Amino acid sequence: MNFTRRITAVGLACALSLGLAGHALAQAPSMKISISIAQNSHQGIAIDTFAKEVEKRTAGRIKVQPFYAGALGGERESIEAVQLGTQELTFSSTGPVPNFVPEARILDIPFLFRDKAHARAVLDGPIGEELLTKFDSKGFKALAWGENGVRHMTNSKRAVNAPDDLKGLKMRTMENPVHVAAYKGFGIVTTPMAFPEVFTALQQGTVDGQENPLSVIMSAKFDQVQKHLSLTGHVYSPAIFLMNKAAYDKLSPADQKSFVEAAKEAVKLNRARVDEDDAKGVAELRGKGMSVVENVDKAKFVAALAPVYAEFDKQFGKPNIDRIRNYK
Ligand code: EAX
């Protein structure tokens with residue numbers, strides 16, 4: 001090989017390796033994030049914003065690909081996948097969370113929070129921070145609390161004004177032991193089920209009803225398969241950004257910070273959309289033919305849970321519950 005040829009060969013090798021590096025850059029590592037409901041929702045906004053913010057904050061080095069409507073499975077399956085690391089991220093209600101991190105169960109107690117503002121203050125404050133750290137030892141990094149919303153009941157049988165109207169109604173619940181215990185206290189026949197199966201179950205009459213925030217009822221179009229809506233507001237439903245712990249630990253400290261900040265930014269839009277949905281939900285669902293009971297007898301719902309509350313006081317420790325109830 002003469003000199004010129006050698007130079008060309010070296011040049012070619014350089015160009016090739018540069019080209020490969022360029023290619024690797026173009027294909028930034030892509031992480032998956034999922035929700036169980038439709039993209040056009042308070043949760044879709046959460047993961048779309050998160051993906052956009054991560055990309056922006058890491059100057060395009062890391063990409064997050066959103067999956068909607070249970071495309072990667074229901075919430076329990078997605079949390080399992082995140083724990084195993086076959087999926088990096090998920091945004092989920094706390095429905096199935098107690099099965100992974102029992103400490104988080106306390107947040108699912110009915111009528112625990114006065115309103116969304118109270119819930120948000122608790123989740124953003126020291127109690128929320130403390131609970132986020134409980135996920136670490138279970139294979140998760142919990143990036144931030146988000147919001148699913150205040151849950152209300154729908155069914156295909158009758159108007160619900162008070163717990164007596166619920167007696168014998170077969171309702172789908174989340175796979176959440178706290179909800180199941182409490183709803184039994186209301187007299188409901190509880191049927192835990194993953195969200196992606198709910199529409200069909202309502203349509204086919206496998207269950208009479210379900211309960212979810214207005215945001216979910218609208219985005220899932222439950223008005224097509226449910227006649228009655230009652231604004232029971234019986235429980236606040238938190239959501240959470242969960243990441244596989246090992247995937248998070250592999251990030252540089254600066255990128256870790258970007259992920260947490262991206263999640264916090266996403267939660268702002270997520271909550272704003274819940275507020276928007278709550279403001280217009282009743283009118284919209286009425287317009288779609290639902291009959292709505294706006295003023296249920298809340299005191300009766302609370303009273304119906306007296307025996308269940310006594311049990312929760314024992315299970316969770318009354319001071320822990322009071323600490324949340326009294327948080328200002
Ligand atoms: O997270 O399972 C449920 O009812 C949830 O509220 C819904 O999937 C949104």
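Here are some friendly notes on strands, helices, cores and aromatic rings in this predicted model.

1. **Ground rules.** Residues are numbered from 1 along each chain as its sequence is written, and side-chain values use heavy atoms, with hydrogens and water left out. As the model is predicted, local features need pLDDT of at least 70 and side-chain atom pairs count only at pLDDT 80 or more, while totals for chains, interfaces and linings use all residues. Helices (H or I, at least four residues) and strands (E, at least two) are DSSP runs, numbered from the N terminus.

2. **Strand β1 and its partners.** Strand β1 (residues 30–34) pairs with strand β2 (residues 63–67) in the parallel sense, over 5 bridges; two strands pair if DSSP finds at least two bridges between them. Ser30 has Lys63 as its bridge partner in β2. β1 also pairs with strand β3 (residues 89–93), again in the parallel sense, over 2 bridges. Here Ile33 stands opposite Leu89 of β3.

3. **The crossover.** Together with helix α2 (residues 42–57), β1 and β2 make a right-handed β-α-β unit. Right-handed is meant as follows: with the strands pointing away from the viewer, the path from the first strand over the helix to the second runs clockwise.

4. **Helix α3.** Which residues of α3 (residues 75–84) are buried? They are Glu75, Ser78, Ile79, Ala81 and Val82, where buried means under 20% relative accessible area, exposed over 50%, and partly exposed in between (1.4 Å probe, protein chains only). Seen down the axis of α3, these residues fall within an arc of 160 degrees, so they line one face of the helix; the arc is taken from the directions from the helix axis to the C-beta atoms. They pack against β1, α2, β3, β4 (140–155) and β8 (228–244), with contact meaning heavy atoms within 4.5 Å. After α3 comes Gly85, with a positive phi near 95 degrees.

5. **Helix α5.** In α5, the buried residues include Ile127, Gly128, Leu131 and Leu132. The buried residues of α5 fall within an arc of 140 degrees seen down its axis, so they line one face of the helix. Among the elements covering them are α4, β4, β8 and α12.

6. **The nonpolar cores.** A nonpolar core is a set of buried Ala, Val, Leu, Ile, Met, Phe, Trp, Tyr and Cys residues joined through side-chain atoms within 4.5 Å. The largest one has 47 residues, and those with the most contacts inside it are Ile109, Phe135, Leu166, Phe186 and Phe312. At least two residues of this core come from each of α3, α4 (116–124), α5 (126–133), β4, α6 (177–185), β8 and α12 (306–325). α12 gives the most, with 6 residues. Apart from this core lies another, of 46 residues, among them Leu143, Ala201, Phe222 and Val292.

7. **Phe135 and Trp145.** Not counting residues up to four places away in sequence, Phe135 touches Val97, Val101, Ala104, Phe140, Ala142, Trp145, Ile240 and Leu242. The structure holds 12 aromatic pairs: rings of Phe, Tyr and Trp (its six-membered ring) pair if their centres lie within 6.5 Å, with planes under 30 degrees apart counted as stacked, over 60 as edge-to-face and the rest as tilted. Phe135 and Trp145 form an edge-to-face pair, at 6.2 Å centre to centre and 75 degrees between the planes. Phe135 lies in the loop between α5 and β4, and Trp145 lies in strand β4, 10 residues apart. Phe135 is buried, at 1% relative accessible area, and Trp145 is buried at 3%.

8. **Other aromatic rings.** Phe312 and Phe316 form a tilted pair, 5.5 Å centre to centre with 50 degrees between the planes. Both lie in helix α12, 4 residues apart, about one turn of the helix, and both are buried. Elsewhere, Phe50, Phe91, Phe241 and Phe259 form one aromatic cluster.

9. Not counting residues up to four places away in sequence, Ala162 touches Asp297, Lys300 and Phe301. The C-alpha atoms of Ala162 and Asp277 are separated by 24 Å, and these two residues are 115 residues apart along the chain.
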